[in-house]
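Hi everyone, thanks for making time. Let me put the structure up on the screen, and then we can walk through it together.

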Amino acid sequence: MSSFGSLGDPAATFVLRGARVIDPSTDGDAIRDLAVVDGQLADPAGAPSDAPRLDGRGLVVGPGLCDLHVHLREPGMERAETVESGARAAAHGGFTTICAMPNTEPPLDEPARVAMVLDRARNRACRVRVIAAATRGREGERITEIGELAAMGIAGVSDDGSAVASARVARGLLAYLAPLGLPLIEHAEDPALATGSVMRAGETATRLGLAGWPASAELSIVERDIALAAETGGWVHFTHLSTAGGLDAIRRAKERGIHVTCDVTPHHLALTDAWVAGWRGFAWDEPTGVGADPFGAPLDAALAYDPACRVNPPLSPRTEALALLAGVADGTIDAIATDHAPHPRERKGVEFGAAAPGMIGLETALSIGLAAVQAGSLDLGRLLAALGTRPGELIGERRTLEAGSVADLVIFDPAATWRVEASGLASASSNTPLLGMELPGVVRMTVAGGRITYRDGLDATA
Amino acid sequence: MLDVANGHTTRHRPAAGGVVVSWPDHDAPASTGWPHRHLLDVDQLTRDELEACLDLAVEMRERRLRRETLDLLSGEVVGLAFCEPSTRTRVSFELAAEALGAQVVELPIDVSSVTKGESLVDTLRTLERTGVTTVILRHSMSGAPYLAARSVPVRIVNAGDGSHAHPTQALLDALTLRDALGSLDGRKIAIVGDIGHSRVARSNLHALTALGASVWLAGPPAWVRGFESWPGVHVADRLEDALADADAVMTLRIQLEREAGGGVPSLREYTARWGLDADRLAVAQTGAPVLHPGPTNEGVEITADLAASERSLIGTQVVNGVAMRMAVLALLAQ
């Protein structure tokens, strides 16, 4: 039986015995006991004798996961997700912090609207940080009252859903943000190149007769913003990076010492543009069928043009997905962020080109990462750093599993598998092409700020 | 071969490779020889199945010439769902369905709302409940027939979806070419124009390469790039390379609004560089036939003289269109 808790619950006390504890903040990786006493990590030897003892053998403990990119749809589209349901989905997925994007209806472009979401976020199943709109109405012209918003604790500003199209406005934003220490979180997509496109340009798009988004649409904004960050001293964070070219540009900018960071979604690492044609296999799997032969292989009528695969930025070709995975492995990509984008059924059960872009990701991100680990494409410690430690640092949250810290962690069974089914998801939406798939990695407990926010089994042993 | 003079017995005929095309009449049990419920694109058909379609269309054409009454689809209700303006294809399907004894209903679809993706599934579900058994679907968005086939328990015939596929057009083109050339094996077929936005071209690439032809594409770079690694397909930098020794040439309708997208500077320049006329065709095989899916912009992609010449098979394509659609409807109804 699984259950949810909240940040308003009493602080937890338990001893977990014999789990593999991985702490990227100290490069720690050891099988040991771990104690939580009144919400604090403690020396197991000093734990109270009546603290529940949990059997951690076979389980992994990592830092609580931190998602830099989530759409909670409140206000405006509460049928798709609310702060409450999104926070539960996060806890179910092992996340202890999520950052809510501002493209709600109306957008979070002024202090009162940000305050409303922060108010609704109190005592939920995870911490909810707000990313405020970069420009009023997300229209790309006048910047928001960033000073006042910064004082409210926002994690950054973004016009996510679109890039800040005007280079002049982007430059002004970076200059204004620089002394505040907050990032411009950029959705790198040049509207002149991408508008009207519904998937990534390439052989699959050509086969399917779908308008293609060229990789240059991302690169042109990435290169522009790197130049602007270098000039202004501002910090640009590229979210949901999807091209190998953009990754290369960021790698070079980091080598030059420019303040640039980035994240990638699990689906841009694991899924490929061939999914739109109906192939179902991860990027690190050997492609077959239409995944291997985009022109010659017949389409699978049951899976081709699945609107669940419509996402923006669009899914990348396999070679680029593998390049992005290598970017996570070598640390060029700071974080894995889900771009959890819930949509109600009626916005997805339509023609591919008419479907709302986006897929949910909070509850499958860790499992997708573990699938990459199992395939030998990623190190488990690196995965947990990219899902927890490093994104936490980017928003000013330190995650560590050292005694004396507030307990903020995820406990999961890497060997267990689960089937992705709508009924098993805590999100109010189920728009993901992973439905029906069997994935590795089951979260047994999430502890946020010393409180148990999600628990599946893991009962006290005698 | 089928004895077309005797229309009152059930006949089974092995086609090339053993696909059985059956021709049940009203007092004989139906065969289950055709494995496909829908026709979404020709990529789903094996070479044997493609040949079987063409063979059956030949028979349909002959029977139609003799004005025979056929009732293969009696009791069936065929719905024409054209969510995009079309006259030729709609009329061709309508004639085909009526020639087979089906009741034909035109579905009142609001083109403007469907193109916004609002109501396709709802509309088709409603129609299915009113007794429609086969939907002929024309839609402006690539992939719409796949959504329809997944969502509604009726047979779906794709009558053109976005830039993706137009399978009955490709089948009738293949029939027209097979009649003219004897066989497509080893033949060089040139297709000229806006390949990238053309559902006709894409379905033809599947059908013609499956039947053994090599296909050469020519047109403005923005309209032909991206097809280079399609097996059996060549992208020519110059029109004359595509036309040289071609056994047949197909040119596509130029969508007049596309020049704004950066494909070509002007229609005048398109015609100057890629327009077909008798002189340009001199490098092709002697008498190589010319096809066009229609409607033509005479003087743009093809000269009026060439379109009206003996080499033009444009009229034959229209005749074959009805026969091919009869064949497709008959096969799917098995």
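This is a predicted model: local features need pLDDT of at least 70, side-chain atom pairs count only at pLDDT 80 or more; totals for chains, interfaces and linings use all residues.

Where they meet, seven residues of domain 1 of chain B are in contact with seven residues of domain 2 of chain B. On the domain 1 side of that contact, you'll find one nonpolar, four polar and two charged residues.

Now for the nonpolar core. The largest one has 260 residues, and among those with the most contacts inside it are V61(A), V157(A) and V249(B). Helix α12 of chain B, residues 314-332, gives the largest share, nine residues. Both domains of chain B contribute residues too, so this core lies between them.

What does V249(B) touch? Leaving out residues up to four places away in sequence, its partners include V192(B), L243(B), L276(B), L281(B) and V290(B).

Last stop: helix α7 of chain B, residues 199-210. From first C-alpha to last, this 12-residue helix reaches 17 Å, close to the 16 Å expected at 1.5 Å a residue. Is α7(B) mostly covered or mostly uncovered? Mostly covered, with 11 of its 12 residues buried; R199(B), R202(B) and H206(B) are among them. Those buried residues pack against helices α1 (47-65) and α6 (167-181) of chain B, and against strands including β6 (155-161) and β7 (188-192). Just after the helix, G212(B) takes a positive phi of about 100°.

Thanks, all!

Definitions and conventions
Residues are numbered from 1 along each chain as its sequence is written. Chains are lettered from A and ligands numbered from 1 in the order in which they are written. A nonpolar core is a set of buried Ala, Val, Leu, Ile, Met, Phe, Trp, Tyr and Cys residues joined through C-beta atoms within 7 Å. A residue is buried if 20 or more other C-beta atoms lie within 10 Å of its own, exposed if 12 or fewer, and partly exposed in between; C-beta atoms are placed from the backbone. Helices (H or I, at least four residues) and strands (E, at least two) are DSSP runs, numbered from the N terminus. Domain bounds come from an automatic or database domain assignment. Two residues are in contact if their C-beta atoms, placed from the backbone, lie within 7 Å. The expected span of a helix is 1.5 Å times one less than its number of residues. Ala, Val, Leu, Ile, Met, Phe, Trp, Tyr, Cys and Pro count as nonpolar, Asp, Glu, Lys and Arg as charged, and the others, Gly among them, as polar.
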